[in-house]
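Please keep the view open while I talk, and follow along from one part to the next.

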Amino acid sequence: MCGINGVIFKSKQDEQTVRQQLTVMNDLIIHRGPDDDGVFINATPNYSVGMAMRRLSIIDLSSGQQPMFSEDKNIAIVFNGEIYNFKTLKHQLEANGIQFKTTSDTEVILKLYELKGIEAFKDLDGMFGLSIYDFNVGKVFIARDYFGEKPLYYTTTNEKFYWASELKSIINSLPVKPQISKTGLNLFFRLTYIPAPNTIYEGIYKLEPNHFISYDLKTNTIDIEKIHADQAIEKSTLSFNDAKKEVNKRMFESVESRSISDVPLGTFLSGGVDSSIVTYCLADMTDAKIDTFSIGFEKKSFDETDKSQVVAKMVNSNHHEFVISENDLKKHTHDILMNFDEPFADSSSLPTYLVSAKTKQHVKVALTGDGGDEVFGGYNKYYIGKLNAKYTNVVPKRVHNAVNKFSGKLLQQKEDSRGIKYRLNKLINAIDYTNNYYWDIISLGLNDNDIKSLLVSDYQQSNIFDYYKTKSNISNPKSLNDFRTVDRHLSLEGDMLVKVDRTSMLNSLECRSPFLNRELFNFTMSLPEDYLLKKWSKKHILKEAFTDVFPKGFLEKSKQGFGVPVGDWLRDGLKTELLSYIELPLLKSQGIFKITEIQKLVEHHIHGKADNTFKVWSFFCFQKWYINTYLNS
């Protein structure tokens, strides 16, 4: 695990100039790899290529240093991530007479590329961001894993082409900060995050998951291609019982493959279905006690440590439980939010950072339950998606609007509470009579009307999801598989995996998710949908596959999620800072928001007239990023 950086000068540069550029980029991500670093530079009469990395040593601690080179030194690689099937691939290569000098997965990728070229990327089961310079063909290849667990950013200027694991390495290398991207801005305020290929900056992009860049050094042209082509998935004919056994087997296999490590590892244990099953699988296949880690909250409506305690006792783990307060989080809020390098308003990033910090004191690697909801159909919004079609076919729109108007007043909240009133209100507001209903459901920040109300016209952008509708070939999601596909392209890559990667790597902790296994995902996509979502039972087949090993009814308990009461904090500990963000001179100088409307939104929340938690928190995160990026830097 590490972070990578790279730069291509489109004309000859001396080696010292390239090295200075890479040093700046590398020093900014030292948290991603405090154990080691490395630099490769090749200066030619027409161009200069530089690649650098920071290493967090997990596998092959003694001889896995990077950059790594082919025997003739014509091919170099820097690599961030873990390849879980590297031992299998290595055996296959050895059977072809290929010899190895290290026990690292990096060398396996290098040797595989030498044998198969870019087709090698298809064989990699893992999480990765990598770049390969091949002098023989005059190209640089930059690739990202199937789900986008590891990040990769890139941009091109007249003189240079940059790529990096984190935005900060690129932004701090440019002579001036780029302008705000209107697309990125609108995506952020709709979703509370910005999915690939967009960023908040004009002209800077995220490489999309399951893609690679081919940069031709002779022509300075870029091609971007998919690693795995889209293919129709053949529907399974397995009975439910046989499919259930297959799920159990595949989960154990995936946990085992993601447990390879030369350093201690543990699990994040929230007490939910996903982390509990990952923890059980790891404990069952391990002779020694495993370490488990949980976070609790002083505010009891957000605390669920009782569930994690049940699982920890069941598997007899070395359980570490940390109860955190508002003050614990306030101390770190600025550093956490700014480390994303662009606006990011998933408040669960705050406790994720703290559980990562506590976990790093004991282990270097943690298995997580991330991806379980996307892979097995676990979100409440999947209910809503299925209910929407039935509801709108029965209830006339005018009747629903009348109910919505009445219920809005009845269910209005004045504090940040995620109880029954919050859930009912969210359900009713999610009902949509257009083909955009699922796209509206996933919009956790501002809806389309809010955008028109709060942003000045120059910053408004309509049809913001058109790119993703085309990319996923799903303009009107109707089925559970449609919903999960949309989420894989947007929320998984843009939110969940960003949150875990940045907060864990800020603590130099590696996180791995056994659910994010391409073969497992494709298998669940092949199953009848009622195997996954059966009436009111979410993740039905996953729970049934493991129900016998957990206490009766445990896997059916509702899960709060990993949220924190930021709505309350915005009225209390963060109030002064929030009020500074709606001061007239600042809003006028930005020219982004309609001043009266944004002030009203914030003040109504602060004074308890309405609970605008998600909208105001998104505004707070954006303003913090904007001020520290454009005004204080």
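Which residues have the most contacts inside the largest nonpolar core? Before I answer, please bear in mind that this is a predicted model, in which local features need pLDDT of at least 70 and side-chain atom pairs count only at pLDDT 80 or more, while totals for chains, interfaces and linings use all residues. Residues are numbered from 1 along each chain as its sequence is written, and side-chain values use heavy atoms, with hydrogens and water left out.

Now to the core itself. By a nonpolar core I mean a set of buried Ala, Val, Leu, Ile, Met, Phe, Trp, Tyr and Cys residues joined through side-chain atoms within 4.5 Å, where buried stands for under 20% relative accessible area, exposed for over 50%, and partly exposed for what is in between, using a 1.4 Å probe and protein chains only. The largest of these cores has 138 residues, and the ones with the most contacts inside it are Met251, Phe546, Trp617 and Phe622. If we take Trp617 and leave aside residues up to four places away in sequence, its contacts (heavy atoms within 4.5 Å) are with Thr333, Leu337, Ala345, Asp346, Ser347, Leu350, Val566, Leu570 and Leu574. There is also a second, separate core of 28 residues, and among its members are Ile83, Val108, Leu110 and Ala143. As background, nonpolar side chains in soluble globular proteins tend to be buried together.

For the element names, helices (H or I, at least four residues) and strands (E, at least two) are DSSP runs, numbered from the N terminus. Phe252 counts as buried at 19% relative accessibility, and its C-alpha atom is separated by 9.2 Å from that of Asp284, 32 residues apart along the chain.

How many disulfides does the structure hold? It holds zero, where a disulfide is a pair of cysteine sulfur atoms within 2.5 Å. For Cys281, the closest cysteine sulfur is that of Cys511, and because the two are 18 Å apart, they are too far for a bond. Cys281 is buried, with a relative accessible area of 0%, and Cys511 also counts as buried, at 9%.

Next, please look at helix H5, residues 182–191. Why can we call this helix largely enclosed by the rest of the structure? Because eight of its ten residues are buried, namely Gly184, Leu185, Asn186, Leu187, Phe188, Phe189, Arg190 and Leu191. What covers these buried residues includes helix H15 (437–441), helix H16 (448–454), H17, H18 and helix H26 (613–631).

A pocket here is found on a 1 Å grid over the protein atoms alone, as an open set of points where a 1.4 Å probe fits, with protein on both sides within 12 Å along at least five of seven lines, and its lining residues have an atom within 4 Å of a point. About 780 Å³ of space lies in this second largest pocket, the volume being the space filled by probe spheres set on the points, which are joined across faces, edges and corners. Of the 31 residues that line it, the closest to its centre are Tyr146, Asp230, Gln231, Ile233 and Arg488.

Finally, a few points in the loops. Glu149 sits in the loop between strand S7 (139–144) and strand S8 (153–156), and is buried, with a relative accessible area of 7%. Its contacts, not counting residues up to four places away in sequence, are Gly126, Met127, Leu497, Asp501, Ser513 and Leu516. As for the backbone, the peptide bond from Ala196 to Pro197 is cis, with omega near 10°, and Pro197 is placed in the loop between H5 and strand S10 (204–206). Asn473, in the loop between H17 and H18, has a positive phi of about 60° although it is not a glycine, and is exposed, with a relative accessible area of 70%.
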